[in-house]
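Have the chain open in your viewer as you read.

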Amino acid sequence: MNFPFTSQSHCEIKMATSKFFLSSLILLLFVHGVLPRAESKTYWGDVDALKQLKNGVQPNSVSPGSCLGSWDFTFDPCDSLFSERFTCGFRCDLTVSGLSRVTEVTLDSAAYTGSLSSISWNLPYLQTLDLSNNFFSGRIPGSLSNLTRLTRLGLSRNAFTGEVPASIGSLSTLEELYLDNNNLQGPIPPTFNGLGSLKRLEIQSNNISGELPELGSLQNLYFLDASNNVISGYLPTTLPPSLVQISMRNNMIEGTIPPSLKYLNLLQVLDLSHNKLTGSVPYFLFNHPSLQQLTLAFNSFDSLQAPSNLGTQSELIAVDLSNNELQGWLPPFLPLMPKLLALSMENNKFSGMIPIQYALRAALPASGIAPFARLLLGGNYLFGPIPGPLLVLKPDTANVSLADNCLIRCPSRFFFCQGADQKSLMECKSFGSVIP
């Protein structure tokens with residue numbers, strides 16, 4: 001049954017529709033203009049933590065143009081982020097509860113001074129804390145363990161003192177830890193074995209002492225720098241197989257290089273220079289499947305072990321064995337390494353004549369073999385004539401040094417003889433039968 005459709009009913013429908021859209025628009029404006037602003041406000045506990053951080057900084061170190069200089073807590077931090085009130089220094093993310101939570105605190109390098117000890121660090125959503133390149137002092141607070149979601153902790157280049165808190169080892173999600181260039185002392189806590197997610201550990205340039213703990217459980221660790229400390233004892237017998245770079249130069253590590261390094265199949269850089277290591281440099285470092293840079297200078301190694309393949313499959317690009325106690329003739333396998341560009345054997349006790357392979361590699365390398373860009377053999381007891389291929393070498397083609405040896409003739413007109421005279425005949429004879 002059909003009902004007549006009058007113009008009056010049409011007008012009533014239009015008016016009802018208009019009222020509906022008007023009501024919807026008012027509601028929409030209210031929701032978008034009011035509710036998100038209310039819901040996006042910073043959680044009160046996060047505000048308190050930010051206030052504690054600013055209060056822990058000496059006011060006279062907060063410059064007007066710095067991040068902390070703009071923090072004005074009469075305004076809501078997350079709502080006002082990147083405005084004139086909170087220009088920088090942290091990041092917020094909206095959670096399912098509708099509240100904004102602080103997920104990152106990264107201060108600028110503004111020469112802030114102060115202490116972190118009075119801060120509760122109740123920021124459960126914080127993923128990054130970076131206060132690097134400032135002048136924060138005092139102890140690193142154990143309360144940092146409250147940051148249970150932290151993936152990056154950067155405290156580099158400050159003035160922190162005391163021991164590294166053991167509680168840091170409870171940060172199971174931590175991937176990057178930067179404590180370098182401070183005044184930290186004491187041992188590395190054994191609790192660091194609990195940092196199962198850790199990928200990068202930088203503790204260099206402190207006063208860290210004691211033995212390096214076993215770190216074999218850190219199966220994701222690829223970068224370790226513990227240089228410029230006073231770490232003693234032996235190298236760990238087990239290290240994470242994921243390691244790509246190990247830098248432990250300028251410590252007090254003794255003993256020999258452990259066989260476990262042979263199984264670090266991803267290792268590319270090994271720097272153990274300026275320590276007290278002794279014995280032989282093991283063969284497996286010269287035929288390692290991935291090692292590119294080997295630096296063992298300033299130790300007390302006395303010999304080199306030759307690899308079975310004579311280094312023909314080596315990936316090494318740079319080798320520094322200078323300033324050790326290495327003796328005997330120059331090893332013939334080193335010039336056979338196809339990718340080796342830089343070789344330093346200075347200031348050892350090598351004797352004998354310079355093998356022709358060394359000279360050819362510097363001046364006339366075989367096809368497909370890169371020439372030596374650096375060949376430093378000075379400060380040894382090498383004798384005999386200068387190998388012929390070196391006599392045609394130009395100064396701008398390679399950095400070569402034969403100074404301070406026992407060579408028959410090495411006049412200063414050859415650039416590789418400059419820097420020091422040859423040793424006296426008496427000194428050469430006193431070393432042993434170095435001259436036929």
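## Disulfide count and pairing

With a cut-off of 2.5 Å between cysteine sulfur atoms, the count comes to four disulfides. Keep in mind that this is a predicted model.

How do the bonded cysteines pair up when numbered in sequence order? The pattern is 1-3, 2-4, 5-8, 6-7.

## C67 and C88

Start with the disulfide between C67 and C88, where the sulfur atoms sit 1.9 Å apart. The angle about the S-S bond is -110°, making this link left-handed. C67 belongs to helix α4 (residues 67-70), while C88 is in the loop between α4 and β1 (90-94), so the bond ties together parts that are 21 residues apart in sequence.

Are these two cysteines buried or exposed? C67 has a relative accessible area of 3%, so C67 is buried. C88 comes in at 25%, which means that C88 is partly exposed.

## C78 and C92

Next up is the disulfide of C78 and C92, with 2.0 Å between the sulfur atoms. Here the angle about the S-S bond reads -75°, and the link is left-handed. What does this pair link? It connects distant parts of the chain: C78 is in the loop between α4 and β1, C92 is in strand β1, and they are 14 residues apart.

As for accessibility, the cut-off for buried is under 20% relative accessible area. C78 has 12% relative accessibility, so C78 counts as buried. C92 has 17%, so C92 counts as buried too.

## C406 and C428

C406 lies in strand β27 (residues 406-407) and C428 in helix α6 (residues 425-431), so a strand and a helix are tied together across 22 residues of sequence. Both C406 and C428 are buried.

Now for some strand pairing. Strand β5 (residues 135-139) and strand β7 (residues 159-163) run parallel, joined by three bridges. If you want a place to look, find S137: its bridge partner in β7 is A159.

Which strand does β7 pair with over another three bridges? That is strand β9 (residues 183-186), and the pairing is in the parallel sense. For this one, go to T161, whose bridge partner in β9 is N183.

Last stop: S273, which is in the loop between β16 (269-271) and β17 (276-281). Is this serine buried or exposed? Its relative accessible area is 4%, so S273 is buried.

What does the side chain of S273 have for a polar partner? The side chain of D271 makes a polar contact of 2.7 Å with the side chain of S273. Leaving aside neighbours within four places in sequence, S273 is in contact with M248, R249 and N250, and also with T295, L296, A297, F298 and N299.

Conventions. Residues are numbered from 1 along each chain as its sequence is written. This is a predicted model: local features need pLDDT of at least 70, side-chain atom pairs count only at pLDDT 80 or more; totals for chains, interfaces and linings use all residues. Side-chain values use heavy atoms; hydrogens and water are left out. Helices (H or I, at least four residues) and strands (E, at least two) are DSSP runs, numbered from the N terminus. Buried means under 20% relative accessible area, exposed over 50%, partly exposed in between (1.4 Å probe, protein chains only). Two strands pair if DSSP finds at least two bridges between them. A polar contact is a pair of N or O atoms within 3.5 Å; within protein, one must be able to donate a hydrogen and the other to accept it, and residues adjacent in sequence count only if both atoms are side-chain atoms. Contact means heavy atoms within 4.5 Å.
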